[in-house]
Amino acid sequence: KSHRELLMSSASCHAKTNVMFLKTHKTASSTVLNIMFRFAERYNLTVALPAGQLVHLGYPKTFLARFVEGFQAVGQNYNIMCNHLRFNLSEVQKVMAVNTTYFSILRNPIPLLESSYVYYKDNVPAFRISKDVNEYLTSPTKYYHSADYKQNIYARNIMWFDFGYDNNAEDNKTYTQEVLKEIEQNFHLILIADYFDESMILLKHTLCWDLDDVIYFKLNSRSQDTVQTLTPESEERIKEWCSLDWKLYQHFNQSFWRRIEETIGLEELEKEVNHLRTRQKELMQTCLSDQEAVMKDHIKNKALLPFQSGAANILGYNLRQDLDNRTLRTCQKMVMPELQYTSHLYAVQYPHRRRKRLGSPVLQTRLQKM
């Protein structure tokens, strides 16, 4: 290690263990959740898990502290919070310590809307009744009725909604500026999914974590054959239809790069990103029999099958057969899908409670009275 690296790693900081991640939809956030869960296990931290049979923290309702398992008993003593919720600062503060670091992740609304369309095709009225994503975008208001807004949240400004704001609000400058300022005050860091590896390096620096804490295998991604190609007209229309998300993304994409230049520098960033990718390749060779994600029908161990939704074919992994126990545990956790991992942590933290049944999260959302 260079002198500077030693200084940066040892003298200046301790790994932060009180962390709240606002998990947004279709933004590579399942991969981040896996990173958070593994960190929690590595350091034996308490995770704010969904109560009872829930698989997320009351989403799409606005978050309340009582959606967290054991909140009455534990109060403000949870270390990590990262399951889906609709952000509500005052209630989250009841659950998390005062010195908690808050972060989230955003994605370019253009690929995001297409991803949302394919994933939620069967559950969102606006998507269900249109033929494909381009037809939907030709005249969204024809398919999107504000009366169904609770079922249609994935069809417009979903990130704005996840941050706790009205995704059908009128886009006027005063209002958007106010919201952006508020988000800046509430969150220490906003990552950008389109630059995921760079985001992981910035996260590592911000939280004083090790490289191995942010190594990941991409989770909940889908096969290329289910991606719908957006026309240039559709891409432009998304910027208008989801103008609140578009402003959100542009604003924090700029501050993301500013932050990198101020803290790490682009040269150091490139070095660390390469280091991350090398280490990731090594781990893939160690863990995986196919060296890459595979289609759902090719996942041999059904316990590691990710939740499937809409027309998306969600990919998963096959682990090598010859792993020693310790390596197997590490590898298993890296490929464990969100629902299974949530359920696993729940069983570890609450051994005497009934296990979570792994049903469909989308269905659960609909069954809960909104």
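Trainee: Before we start, what should I know about the model?

Mentor: It is predicted, so local features need pLDDT of at least 70 and side-chain atom pairs count only at pLDDT 80 or more, while totals for chains, interfaces and linings use all residues. Residues are numbered from 1 along each chain as its sequence is written, and side-chain values use heavy atoms, with hydrogens and water left out.

Trainee: Fine. How many helices and strands does the protein have?

Mentor: There are 17 helices and 4 strands. Helices (H or I, at least four residues) and strands (E, at least two) are DSSP runs, numbered from the N terminus.

Trainee: And how compact is the protein?

Mentor: As compact as a globular protein of its length, because the radius of gyration is 20 Å, close to the 21 Å that the globule rule gives for 370 residues. That radius is taken over C-alpha atoms, and the rule is 2.2 Å times the number of residues to the power 0.38. The C-alpha atoms fill a box of roughly 55 × 45 × 45 Å along the principal axes.

Trainee: What share of the residues is buried?

Mentor: Buried residues make up 55% of the 370. Buried means under 20% relative accessible area, exposed over 50%, and partly exposed in between (1.4 Å probe, protein chains only).

Trainee: Switching topic: how many disulfides are there?

Mentor: The structure holds 2, a disulfide being a pair of cysteine sulfur atoms within 2.5 Å. Cysteine 13 is joined to cysteine 208, S to S 2.1 Å. This pair links distant parts of the chain, 195 residues apart: cysteine 13 is in the loop between H1 and E1, and cysteine 208 in the loop between H11 and H12.

Trainee: Which hand does that disulfide have, and why?

Mentor: It is left-handed, because the torsion about the S-S bond is about -125°. Cysteine 13 is partly exposed at 24% relative accessible area, whereas cysteine 208 is buried at 16%.

Trainee: Where does the link of cysteine 287 and cysteine 331 sit?

Mentor: Those two are joined with an S to S distance of 2.0 Å. Cysteine 287 is in helix H14 and cysteine 331 in helix H15, 44 residues apart. The link is left-handed, with -75° about the S-S bond. Cysteine 287 is buried at 0% relative accessibility, and cysteine 331 is also buried, at 0%.

Trainee: What about cysteine 82?

Mentor: Cysteine 82 is in no disulfide, and the nearest cysteine sulfur, that of cysteine 208, is 19 Å away. Cysteine 82 is buried, with a relative accessible area of 0%.

Trainee: Now helix H2. How many of its residues are buried?

Mentor: H2 is mostly covered, with 12 of its 14 residues buried, including Leu33, Phe37 and Phe39. Its cover includes E1, strands E2 and E3, and helices H11, H15 and H16.

Trainee: What is the span of H2?

Mentor: The end C-alpha atoms of H2 are 20 Å apart, which agrees with the 20 Å that its 14 residues should span at 1.5 Å a residue. The expected span is 1.5 Å times one less than the number of residues. After H2 comes asparagine 44, with a positive phi near 60°.

Trainee: You mentioned H16. What is glutamate 338 in contact with?

Mentor: Leaving aside neighbours within four places in sequence, glutamate 338 is in contact (heavy atoms within 4.5 Å) with Lys23, Ser30, Leu33 and His84. Glutamate 338 is found in H16, residues 338-349, and counts as buried at 18% relative accessibility.
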